[in-house]
Amino acid sequence: MIRKRTFLSSVAGALFLAVSAAAQQGSSGFSLGVGGGFARSNNLGVGYELTSTLELPSPSNALRPRFDLVLADFDRGPNLVALSANALVTPFSSARVAPYLLAGVGAYMEETSRPPKFGGTLGLGLRLPGQLRSVVIESQVHAYLLADP
């Protein structure tokens, strides 16, 4: 029997700090980020998540590739590790704000499941650009299938 598990971080709890926003607007185009927030699973309860991100350079400012590594811990269940490859779509940006949409696919592995299972992610975010760093408020939904233990 297969059950569906989803995991999401709340908008208020998911703050990401891009440690290289100047590079994103300047020469290299690479951007590193770290963040964390609250997480909720359909059947594992509430917990927390830690995320690290890597945005790669792109010829288009409106579409950029991004990789995320997510670690999540829930109050009623196994820990989750996920690695996702995403497309970051920014329809417009200004010196003060840059909203974006995130969509991608990933590999999800709980402590009790081997090998990893595949799923997808959708997210919305708001980047507040700064001189050296950007603050990003983001919410993501991850969906994946796992077999019953």
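A residue is called buried when its relative accessible area is under 20%, exposed when over 50%, and partly exposed in between (1.4 Å probe, protein chains only). By this definition R64 is buried, and so is E55.

The model is predicted: local features need pLDDT of at least 70, side-chain atom pairs count only at pLDDT 80 or more, and totals for chains, interfaces and linings use all residues. Residues are numbered from 1 along each chain as its sequence is written, and side-chain values use heavy atoms, with hydrogens and water left out.

Helices (H or I, at least four residues) and strands (E, at least two) are DSSP runs, numbered from the N terminus. Strand β6 covers residues 80-89, and its side chains alternate.

Two strands are taken to pair if DSSP finds at least two bridges between them. On one side of the pairing list is strand β5 (residues 63-74), which pairs with β6 in the antiparallel sense over 10 bridges. A hairpin of 5 residues joins β5 to β6, and V70 stands opposite A82 in β6. Strand β7 (residues 98-110) also runs antiparallel to β6, to which 10 bridges join it. In this pairing L83 stands opposite A107 in β7.

**Salt bridges**

Side chains of opposite charge can pair when their charged atoms come close. A salt bridge is counted here when a side-chain nitrogen of Lys or Arg lies within 4 Å of a carboxyl oxygen of Asp or Glu. A search of the whole structure finds 4 salt bridges, including those in the table.

| Salt bridge | N to O distance |
|---|---|
| R64 and E55 | 2.8 Å |
| R127 and E55 | 2.7 Å |
| E138 and R66 | 2.9 Å |

E55, R64 and R127 are linked in a network of salt bridges. The side chains of R127 and E55 meet at 2.7 Å, N to O. This pair links distant parts of the chain, with R127 in strand β8 (residues 117-128) and E55 in strand β4 (residues 45-55), 72 residues apart. Both R127 and E55 are buried.

The closest N and O atoms of E138 and R66 are 2.9 Å apart. E138 lies in strand β9 (residues 134-147) and R66 in strand β5, so the pair ties together parts that are 72 residues apart in sequence. E138 counts as buried because its relative accessibility is 1%, and R66 counts as buried at 4%.
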